[in-house]
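Please look up each residue as it is named.

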Amino acid sequence: SFVAHVKGRWVGRTLFDVFSKEFPHQSAEYYTNAISCGNITIDDQKVSSDKVLKHNEKISHRMHRHEMPVFASKIPILGEDDNFIAISKPSSIPVHPCGRYAKNSLVSILHHSYNFPRTLHPVHRLDKATSGVLLFARSPHYAEKVGKILREEFSEGKEKPITKQYLARVQGIFPEDIVRCDYYICCKDPKTGVMRSLIPGKDDTHDEANERLIAEAKEREDLLKELSEYTESKLLQSEDETVRDPATKQKHKKNFGRCYTAKLRKKEVYKKLSSGKGGDAKMIPREASTLFKRIKVLENGKESLVLCQPLTGRTHQIRVHLQALGHPITNDGLYNERHVPVFPKDLINSLQVPEFQKSEICSDCQNGEPFLIESAFTSSSTMEIYLHALRYQFTVDEKSYSFVAPAPSWSEWSESELDSIQIRK
C-alpha cells in the first residue's frame with residue numbers, strides 16, 4: 001500500500017486525472033478499475049473517478065505488484081572481517097529493495113539465504129545490470145570512512161588511496177595503447193538519469209565547462225567562509241552573554257550550523273550554478289577521467305575486452321566515456337544506439353521467478369509469467385550489461401584490502417590471466 005496527502009498542484013483536479021497524468025507507468029484502464037474496486041481510496045473511503053481532490057485529503061493506493069525475476073546465481077563471498085564483507089554481485093539484482101524488487105534484492109537475498117544481518121551498509125553502488133565487487137561495511141562508521149576514500153578525487157602527483165578496475169566488452173577494435181579520457185560529464189536528462197560527455201570541438205559547452213567549475217568552486221568557498229564567520233560570531237556572542245554550560249554550547253553550535261546551512265541552500269546561488277536549467281545541479285559539467293587498456297580482441301573480430309580504471313567517480317562514467325570514444329559497451333541499452341534488446345530464451349532456466357497470486361485488474365497476471373520474464377529483458381533497465389567490477393584495492397586504518405571478483409563468462413578470459421593485467425600510466 002502507498003499513502004500520500006493531496007499536494008497543492010493536485011487540488012481541484014479529479015482523482016483519475018491526477019493518477020493518469022502524474023503516474024503514467026500504469027494504463028488509464030488500470031486506474032479506472034483500481035478506483036472502482038476500491039484499491040484507490042480517499043480518507044479510507046471508496047470514491048468515484050471524478051472525485052475532486054481537496055487540501056490534506058489522504059490518498060491510499062493498495063497495489064498488486066509482481067516481483068521481477070533475477071538470475072538465480074550464487075553470490076560468492078570474496079572476503080570478510082570484523083569491519084567489511086566483500087561479495088561478487090551477479091547482474092540483474094538491485095542492491096536495495098526498490099520499485100518491483102523486494103525479495104529479489106541483494107540485501108534481502110544475503111539476509112534470507114546467507115544469514116547476513118539486514119544492517120549491512122553498502123560502501124559504494126553498482127547498477128542493477130552491473131556485476132562484480134561490492135563492499136559492505138558492518139557499521140555506519142566504516143561505511144562513511146571508506147565512502148570518503150572512494151569520493152576522493154584523483155590529482156596529478158598524488159597517489160589515489162583506492163584503485164578500482166572494471167572489465168568492459170565493447171564494440172569495435174579498441175586502440176592497443178593505453179587511452180586516457182578526460183571528457184567532462186553532465187546530466188542529459190534529469191528525469192531519466194541519462195548522462196553525456198562534452199567532447200572538445202563537438203560540444204560548444206565543453207570550453208565553458210572549466211570556467212563554470214572555477215566559478216562554482218569560488219562560490220562554494222565564499223559560502224563556506226561566510227558560514228564559518230557567522231557560526232564563530234554567534235558562538236562568541238552566546239559565550240559572552242548567557243550560555244555557560246558546555247553541553248548547551250555544543251548544542252547551540254550544531255543548531256547554528258544546521259539552520260544557516262539550510263538557509264544557504266535556498267539562496268539564488270544554486271540557480272546560478274545550474275546555469276538556468278531547471279534548478280538542477282546535475283546539469284553542471286563535472287571533471288571526469290578514466291584510463292582504458294585493451295586486453296584482447298574477441299574471437300568474432302568485432303568486439304574488444306577492455307580494462308577500465310576510473311580516476312573520478314561520476315554517474316555512469318565508464319559507460320559514457322566509452323560511448324564518447326566510439327566504443328560503447330556492446331549490450332548497453334542506454335549508451336549504445338545500435339543495441340537492440342533481445343529476449344534470450346536460453347536463459348529462462350537460470351531465472352528466479354517468485355510465485356504470485358493473480359489479480360483481475362493486473363495486466364501482468366492476464367498476460368502470464370512468460371510475459372513478465374520477457375518484459376524484464378526488453379525493458380529499458382536491462383538485466384545485464386557487459387560491465388564488471390573486477391578489482392577494488394584500498395587502505396583504511398593502516399590495513400590494506402584487495403578484492404578480485406571472478407571474471408564473467410562473457411569476458412572469454414580466465415581469472416588467472418586477468419590477475420596480471422594492470423594499467424600503468
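This is a predicted model: local features need pLDDT of at least 70, side-chain atom pairs count only at pLDDT 80 or more; totals for chains, interfaces and linings use all residues.

Asn56 is found in the loop that runs between β3 and β4.

- Although Asn56 is not a glycine, its phi angle is positive, at about 65°.
- Asn56 counts as exposed, because its relative accessibility is 62% and the cut-off for exposed is over 50%.
- Ser92, which is likewise not a glycine, has a positive phi of about 85°, and it lies in the loop between β7 (84-89) and α3 (106-114).
- Is Ser92 buried or exposed? With a relative accessible area of 0%, Ser92 is buried.

## The four-stranded sheet

- Four strands form an open sheet in the order β1-β4-β2-β3, and their pairing is antiparallel.
- The edges of this sheet are β1 and β3 (45-46), each of which pairs on one side only.
- Strand β4 (residues 58-61) runs antiparallel to β1 and is joined to it by four bridges, and within this pairing Phe2 has His61 of β4 as its bridge partner.
- Helix α2 (residues 28-36) packs on the sheet, where it touches β2 (40-42), β3 and β4, and the direction of the helix makes about 55° with that of β2.

## Nonpolar cores

- The largest nonpolar core has 59 residues, and the members that touch the most others are Phe84, Phe136, Phe292 and Phe394.
- Strand β17 (residues 387-396) supplies the largest share of this core, namely six residues.
- In soluble globular proteins generally, nonpolar side chains tend to be buried together.

## Salt bridges

- Arg9 forms a salt bridge with Glu22, with the closest N and O atoms 3.2 Å apart.
- Arg9 lies in the loop between β1 (2-5) and α1 (15-22), whereas Glu22 is in helix α1, so this pair ties together parts that are 13 residues apart in sequence.
- Glu22 counts as partly exposed, because its relative accessibility is 25%.
- Arg9 and Glu22 also belong to a network of salt bridges that links them with Arg13, Asp17 and Lys21.
- Arg169 forms a salt bridge with Glu303, and the closest N and O atoms are 2.9 Å apart.
- Because Arg169 lies in strand β10 (residues 162-171) and Glu303 in strand β15 (residues 303-310), this pair ties together parts that are 134 residues apart in sequence.
- Arg169 and Glu303 are both buried.
- Arg319 forms a salt bridge with Asp332, with a distance of 2.8 Å between the closest N and O atoms.
- Arg319 lies in helix α8 (residues 317-324) and Asp332 in the loop between α8 and β16 (351-352), so the parts tied together by this pair are 13 residues apart in sequence.
- Arg319 counts as buried at 8% relative accessibility, and Asp332 counts as buried at 1%, because the cut-off for buried is under 20% relative accessible area.

Key:
Residues are numbered from 1 along each chain as its sequence is written. Side-chain values use heavy atoms; hydrogens and water are left out. A nonpolar core is a set of buried Ala, Val, Leu, Ile, Met, Phe, Trp, Tyr and Cys residues joined through side-chain atoms within 4.5 Å. Buried means under 20% relative accessible area, exposed over 50%, partly exposed in between (1.4 Å probe, protein chains only). Helices (H or I, at least four residues) and strands (E, at least two) are DSSP runs, numbered from the N terminus. A salt bridge is a side-chain nitrogen of Lys or Arg within 4 Å of a carboxyl oxygen of Asp or Glu. Two strands pair if DSSP finds at least two bridges between them. Contact means heavy atoms within 4.5 Å. Axes are lines fitted to C-alpha atoms, for helices over the stretch in contact, and angles run from 0 to 180 degrees between N-to-C directions.
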